[in-house]
Amino acid sequence: MLFLLKFLLFLIIFLALKVTVILLFFQEEVKAAKEKDPAARSIWEILLLYQGLHALVLYRIAHFFYKKKLYFIARWISQIGRFLTGVEIHPGATIGKGCFIDHGMGVVIGETAIIGDNVLLYQGVTLGGTGLEKGKRHPTIGNNVVIGAGAKVLGNITIGDNSYIGANAVVIRDVPPNSTIVGVPGRITKQDGRKIDVSLDHIHILDPLMQNLEELEKRIADLEKRNK
Ligand SMILES: CC(C)(COP(=O)(O)OP(=O)(O)OC[C@H]1O[C@@H](n2cnc3c(N)ncnc32)[C@H](O)[C@@H]1OP(=O)(O)O)[C@@H](O)C(=O)NCCC(=O)NCCS
């Protein structure tokens, strides 16, 4: 009986501490969750039950140690976060204010990824590298970007502000601001609110084959110029 009481007391203190820390340091994130998740009924639900928010709290602690060059502790906290929430955020990643990870499970954010303010990530999003390269090898995501469930954004590319990456898209090229991208490989279907006809507008197609052809054309034109 005494053990049970002690356990309950410990639980209450732990939850009170957790709620206080989140309310003090993560107001923007709580606000983002309330605004971006129509299913969020109350602040208490967000504070106590949202794994995406808890993943960010643990990431901030891990990032603090990473910046102090205490890499092992940073990775350790990050792995605890992964175990508890199903979200793996490398402590070296840089994440702006008001980020919301909805549902959370399966999100992976690489070491050199940079995420702007007010970004929404759904479950299964990967911000990853494309190979074994070193240095900046993960994407830079602008402000107010939404990345749909299961989307993969790979390599040292930039996703412009206010862009929307569709569910399950695979994006391997830079994306201009205010764009909607869908498919594999990702192609722009909307820009600045204007629908883009991919069969006619080759400038905005992210198809790697198309881009290689364009690069080849450029090189041939350069060679022809030099030989004149
Ligand atoms: C991309 C998305 C934002 C729609 O944007 P939109 O600008 O409203 O796009 P539309 O619905 O007008 O569709 C444009 C075209 O892209 C296609 N499309 C839309 N979403 C797509 C996707 N995820 N993958 C592939 N094609 C997609 C549509 O079929 C349409 O094709 P068409 O022009 O040949 O008919 C949305 O479909 C999406 O993927 N959202 C992600 C939401 C999510 O992950 N939710 C998880 C909740 S748990």
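**Note on the structure**

1. The coordinates under review are a predicted model, and the points below should be read accordingly.

2. Cis peptide bond. The bond from Val 184 to Pro 185 is cis, with omega near -10°. Pro 185 belongs to the loop that joins strand 14 (179–182) and strand 15 (187–191).

3. Positive phi at Lys 69. Although not a glycine, Lys 69 has a positive phi of about 65°. This residue sits in the loop between helix 4 (51–67) and helix 5 (71–85). Lys 69 is exposed, its relative accessible area being 60%.

4. Positive phi at Asn 178. Asn 178 is not a glycine either, and its phi is positive at about 60°. The loop between strand 13 (170–171) and strand 14 holds Asn 178. With a relative accessible area of 31%, Asn 178 counts as partly exposed.

5. Ligand surroundings. The residues around the ligand are His 103, Tyr 122, Gln 123, Gly 148, Ala 149, Tyr 164, Gly 166, Ala 167, Thr 180, Val 182, Lys 190 and Lys 195. By class, this shell comprises five nonpolar, five polar and two charged residues.

6. A backbone N or O atom of Ala 149 lies 2.7 Å from a ligand oxygen atom. A polar backbone atom of Ala 167 is 2.9 Å from an oxygen atom of the ligand. For Lys 190, an N or O atom in the side chain is 2.8 Å from an oxygen atom of the ligand. The ligand taken alone exposes 910 Å², of which the protein buries 50%.

7. Largest cavity. Searching the whole structure gives two cavities of 30 Å³ or more. The largest holds about 50 Å³ of space, and its lining consists of Ala 55, Leu 58, Tyr 59, Ser 78, Gly 81, Arg 82, Thr 85, Val 87 and Ile 89. Helix 4 and helix 5 are the elements that each give two or more residues to this lining; helix 5 has the largest share, with four residues. The lining divides by class into five nonpolar, three polar and one charged.

8. Second largest cavity. Here the space is about 30 Å³, and the lining residues are Glu 29, Ala 33, Gly 52, Leu 53, Leu 56, Cys 99, Phe 100 and Ile 101. Two or more residues come from each of helix 2 (27–36), helix 4 and strand 3 (100–101). Helix 4 gives the most, with three residues. Six of the lining residues are nonpolar, one is polar and one is charged.

Key: Residues are numbered from 1 along each chain as its sequence is written. This is a predicted model: local features need pLDDT of at least 70, side-chain atom pairs count only at pLDDT 80 or more; totals for chains, interfaces and linings use all residues. Side-chain values use heavy atoms; hydrogens and water are left out. Buried means under 20% relative accessible area, exposed over 50%, partly exposed in between (1.4 Å probe, protein chains only). A residue is near a molecule or strand if one of its heavy atoms lies within 4 Å of it. A polar contact is a pair of N or O atoms within 3.5 Å; within protein, one must be able to donate a hydrogen and the other to accept it, and residues adjacent in sequence count only if both atoms are side-chain atoms. Accessible areas come from the Shrake-Rupley method with a 1.4 Å probe; for residues, only the protein chains shown count as cover. Ala, Val, Leu, Ile, Met, Phe, Trp, Tyr, Cys and Pro count as nonpolar, Asp, Glu, Lys and Arg as charged, and the others, Gly among them, as polar. On a 1 Å grid over the protein atoms alone, a cavity is a set of points where a 1.4 Å probe fits but cannot get out, and a pocket is an open set with protein on both sides within 12 Å along at least five of seven lines; lining residues have an atom within 4 Å of a point. Grid points are joined across faces, edges and corners, and a volume is the space filled by probe spheres set on the points.
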